[in-house]
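Subject: Structure handover

Hello,

Please find the structure below, with the sequence.

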Amino acid sequence: MRISLVAANWKMNGNRTFAERFFTDLELESVSADVVVCPPFPYLSLAARAAEEKGSFAVGGQNLSHELDGAFTGEVSAHMLLDCNVRYVIVGHSERRSFYHETSELVAKKFVAAQAVNLIPILCVGETLQERDQGHTLEVVASQLQAVKAVIEEDAWKRSVVAYEPVWAIGTGKTASPEEAQSVHKFIRTQLGDVGSKVQILYGGSVKSANASALFAQADIDGALVGGASLDAREFAGICRAAV
């Protein structure tokens with residue numbers, strides 16, 4: 001049986017005061033799901049200290065370099081994240097793919113770099129509104145998964161998380177219906193092969209405490225990658241409590 005997982009992606013939001021208040025306000029009593037908080041890089045150490053004190057969540061990075069080290073100004077390596085007591089790292093978020101032109105092949109290299117130091121990559125896949133309207137959702141998702149499948153052994157999926165984030169639903173207030181999301185999640189699970197039944201697959205796209213229960217009730221939705229709603233500690237905790 002898969003354990004549910006809820007991950008907070010703060011993106012480029014917050015400051016030290018915000019982060020300190022968030023962790024003070026974050027109450028995860030009665031939460032049975034695994035919880036991950038992914039703050040901006042400067043606040044990883046602060047998050048790690050709070051995680052150690054509370055013992056109720058893990059820390060994740062929002063990105064990493066596919067390189068191990070070297071003359072790559074502004075980049076952060078998997079080893080550096082590990083050194084900050086990070087356990088998870090997001091790879092292939094739609095904003096990285098669209099704003100910074102990260103290809104699926106580069107995302108696959110980041111996936112491998114994360115696993116090389118035993119970080120758990122949260123691999124994001126999903127289609128744009130245009131791709132959805134043209135009926136290409138499954139084709140796009142399959143292609144993004146294939147780039148990773150081409151460079152890993154099938155068992156490596158068991159040390160990863162996949163997040164389906166329809167780009168048209170991120171930050172728009174629009175959400176795929178539970179049935180629509182379930183259909184894509186089920187497809188993703190079949191794409192992962194024999195180990196698919198063991199992989200946590202999250203939904204990302206305007207998830208809130210008000211719609212979380214309906215999404216989490218679907219057979220193949222194991223939790224959420226939460227953006228905007230994760231900036232409110234109480235709202236985020238409400239989402240976490242909805243995951244059973």
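A salt bridge is a side-chain nitrogen of Lys or Arg within 4 Å of a carboxyl oxygen of Asp or Glu. Before the findings, two remarks on the source. This is a predicted model, in which local features need pLDDT of at least 70 and side-chain atom pairs count only at pLDDT 80 or more, while totals for chains, interfaces and linings use all residues. Residues are numbered from 1 along each chain as its sequence is written, and side-chain values use heavy atoms, with hydrogens and water left out.

**Salt bridges**

The structure holds 10 salt bridges. A network of them links Arg-2, Arg-189, Asp-220 and Asp-222. Helices (H or I, at least four residues) and strands (E, at least two) are DSSP runs, numbered from the N terminus.

Arg-189 also meets Asp-222 in a salt bridge, at 2.9 Å from N to O. Asp-222 sits in the loop between helix 9 and strand 8, and 33 residues separate it from Arg-189 in helix 8.

Are these three residues buried or exposed? Buried means under 20% relative accessible area, exposed over 50%, and partly exposed in between (1.4 Å probe, protein chains only). Arg-189 has a relative accessibility of 9% and so counts as buried. Asp-220 is buried at 12%, and Asp-222 is buried at 7%.

Another salt bridge is formed by Arg-132 and Glu-180, whose closest N and O atoms are 3.0 Å apart. Arg-132 belongs to helix 6 (residues 129-133) and Glu-180 to helix 8 (residues 178-191), so this pair, too, links distant parts of the chain, 48 residues apart. Arg-132 is partly exposed, with a relative accessible area of 29%, and Glu-180 is partly exposed at 37%.

**Two residues in helices**

Phe-187 is also in helix 8. At 19% relative accessibility, Phe-187 counts as buried. Which residues does Phe-187 contact, leaving aside its neighbours within four places in sequence? They are Leu-138, Val-141 and Ala-142, where contact means heavy atoms within 4.5 Å. The C-alpha atoms of Phe-187 and Leu-129 are separated by 19 Å, and the two residues are 58 apart along the chain.

Gln-144 is placed in helix 7 (residues 137-149). Gln-144 is buried, with a relative accessible area of 10%. Neighbours within four places in sequence aside, Gln-144 is in contact with Arg-97, Ser-104, Val-125 and Gly-126.

**Aromatic rings**

A search of the whole structure finds nine aromatic pairs. Rings of Phe, Tyr and Trp (its six-membered ring) pair if their centres lie within 6.5 Å; planes under 30 degrees apart count as stacked, over 60 as edge-to-face and the rest as tilted.

Trp-10 and Phe-22 have ring centres 4.9 Å apart and planes at 75 degrees, so this pair is edge-to-face. Trp-10 is in the loop between strand 1 (5-9) and helix 1 (16-25), and Phe-22, 12 residues away, is in helix 1. Both Trp-10 and Phe-22 are buried. Phe-22 also pairs edge-to-face with Phe-23, at 5.4 Å centre to centre and 90 degrees between the planes. The relative accessibility of Phe-22 is 2%, and Phe-23 is buried at 4%. Ring pairs join Trp-10, Phe-18, Phe-22, Phe-23, Phe-57 and Phe-236 into a cluster.

**Pockets**

On a 1 Å grid over the protein atoms alone, a pocket is an open set of points where a 1.4 Å probe fits, with protein on both sides within 12 Å along at least five of seven lines; lining residues have an atom within 4 Å of a point. Grid points are joined across faces, edges and corners, and a volume is the space filled by probe spheres set on the points.

The largest pocket holds about 460 Å³ of space. It has 15 lining residues, and the closest to its centre are Lys-11, Met-12, Gln-62, Arg-96 and Tyr-100. Helix 4 (residues 94-99) gives the largest share of this lining, three residues.

Regards
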